[in-house]
Amino acid sequence: MERLRIQGGNRLTGEVSVAGAKNSVLKLMAAALLAQGRTVLYDVPDILDVRFMGDLLERLGCSLTPEGGGKLTIDVPETIHHEADYDLVRRLRASITVLGPLLARCHRAKVALPGGDSIGSRGLGMHVTGLAQMGAEIGIEHGFVVAEAPYGLHGTTILLDFPSVGATENLLLAATLARGTTLIDNAAREPEIVDIAEMLTRMGAKIGGIGTSTLEIEGPADLQSVEHRVVPDRMVAGTWAIGAAVTGGAVTLRNARADHLDVVLDKLARAGASVEAGPDHFTVRMDGRPQAVNIVTLPYPGFPTDLQAMMVALAAVSEGTSMVTENLFDGRFRFVQELARLGADVRTDGHHAVIRGRRMLSGAPVEATDIRAGAGLLLAGLVADGETLVSGVHHLDRGYPNLVGVLQGLGAQVLREPDDMAVG
Ligand SMILES: CC(=O)N[C@H]1[C@@H](OP(=O)(O)OP(=O)(O)OC[C@H]2O[C@@H](n3ccc(=O)[nH]c3=O)[C@H](O)[C@@H]2O)O[C@H](CO)[C@@H](O)[C@@H]1O
Ligand SMILES: C=C(OP(=O)(O)O)C(=O)O
């Protein structure tokens with residue numbers, strides 16, 4: 001176990017080149033399972049979750065070759081295994097995305113219930129119901145999702161109760177090999193889903209409505225493996241952009257899509273930051289103390305829940321009182337008790353948090369309980385007086401490539417060290 005030792009007080013200034021998105025690449029890796037042959041992905045981030053997903057694909061029979069510089073080759077054999085065991089699947093939520101491809105290709109699948117961040121209850125009802133509507137016999141038994149479709153899946157109309165990212169992805173992947181037309185209504189439309197749909201289209205899938213809340217997939221397609229560049233990680237870009245605002249610095253994000261962060265950049269501008277955006281980069285600069293802003297997390301294009309903790313850190317040092325409403329995950333305010341150790345004044349009531357900004361936070365030991373909680377605590381530590389120790393850094397390693405290198409490159413005083421106080 002390791003922790004970060006942060007000496008607060010330095011502004012983040014400089015440039016960061018953003019790699020491909022964790023929340024896209026993991027699903028693109030699952031999509032590769034749909035076609036025998038060689039898939040090549042570019043801009044793959046060097047993060048723990050990619051390694052975990054790679055281990056899972058290898059267990060299913062694929063060979064993976066990371067070639068450096070963000071290139072990852074995945075060789076998928078003619079026959080793949082249909083079972084994904086608990087020991088691999090529990091390490092990341094995105095592992096559930098192999099369910100759709102395995103069922104579509106092998107006509108059966110047995111996938112252990114996934115793990116992931118401790119951010120509240122994370123149901124799978126929409127994945128299961130959608131696949132059942134497509135003709136699968138599917139249920140949850142002894143900690144596994146077990147599914148069979150001996151004659152293959154068929155197209156149908158699926159109306160999601162909620163635009164779930166994971167359910168949209170699983171059903172989209174499965175539908176490419178299903179007979180007939182599948183309509184996914186109330187689909188999620190995050191940029192990562194657009195990225196997956198674009199790779200599937202290049203593989204030969206016929207998908208209408210990409211980027212809208214109604215996806216129409218005409219199957220079955222004769223899919224061929226392809227080469228694909230992963231969409232830039234808007235959560236990583238957003239984290240360092242908010243970091244610039246929290247610390248009163250100026251950060252330019254290269255290989256970053258401002259248009260995927262419209263609401264976030266608008267909120268930063270309302271907080272007093274200046275934002276300059278080009279087609280594949282943007283700069284966020286904050287002079288003076290940030291002003292309080294309210295945020296409400298929602299499915300895309302609303303404010304992303306994955307940047308909520310960082311905005312709470314910003315609110316903690318802003319002038320005025322901010323209200324943050326979390327609509328996606330019931331446990332996503334768990335980190336505020338850790339933020340309080342740094343002196344933040346946050347009161348939560350159900351899915352609302354009220355944050356009264358303080359001029360100063362003070363460094364202390366804190367524990368990251370999930371990836372974005374860790375990022376929020378890290379940003380708070382950068383602006384706190386004195387030293388902050390952030391335990392649980394492995395959560396950040398799930399999705400932030402070269403974390404300490406990036407921070408040091410931006411002028412932060414941060415070191416990584418063994419965590420002699422770690423539990424377990
Ligand atoms: C690996 C990955 O891409 N993770 C992202 C993905 O997670 P994930 O795909 O798990 O998120 P979902 O959009 O599915 O979940 C949103 C909400 O719907 C609920 N739900 C979902 C499916 C279902 O069948 N039943 C159900 O009740 C969940 O419990 C949650 O409360 O989207 C989230 C929402 O943008 C992001 O925070 C995560 O970073
Ligand atoms: C919640 C997240 O990840 P996961 O869905 O992989 O747990 C996240 O990236 O913020």
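These legends describe close-up views of a predicted model. Local features need pLDDT of at least 70 and side-chain atom pairs count only at pLDDT 80 or more, while totals for chains, interfaces and linings use all residues. Residues are numbered from 1 along each chain as its sequence is written, and chains are lettered from A and ligands numbered from 1 in the order in which they are written.

**View 1. The shell around ligand 1.** Ligand 1 is surrounded by 21 residues (C-beta atom, placed from the backbone, within 6 Å). Asn 23, Gly 123, Met 126, Ser 164 and Gly 166 are the closest. By class, the shell has 10 nonpolar, eight polar and three charged residues. Here Ala, Val, Leu, Ile, Met, Phe, Trp, Tyr, Cys and Pro count as nonpolar, Asp, Glu, Lys and Arg as charged, and the others, Gly among them, as polar.

**View 2. Helices at ligand 1.** At least two shell residues come from each of α1 (22-32), α5 (125-133) and α6 (165-175). Helices are DSSP runs (H or I, at least four residues), numbered from the N terminus.

**View 3. Burial of α1.** α1 is largely enclosed by the rest of the structure, because 11 of its 11 residues are buried. Buried means 20 or more other C-beta atoms, placed from the backbone, within 10 Å of the residue's own. Among them are Lys 22, Asn 23 and Lys 27.

**View 4. Domain 1 against domain 2.** An automatic or database assignment sets the bounds: domain 1 (2-16 + 232-418) and domain 2 (26-226). Their C-alpha centres lie 31 Å apart. The domain 1 side has six nonpolar, six polar and seven charged residues. Each domain also gives at least three residues to the shell around ligand 1.

Key
Buried ≥ 20, exposed ≤ 12 C-beta atoms within 10 Å, placed from the backbone. Contact = placed C-beta atoms within 7 Å.
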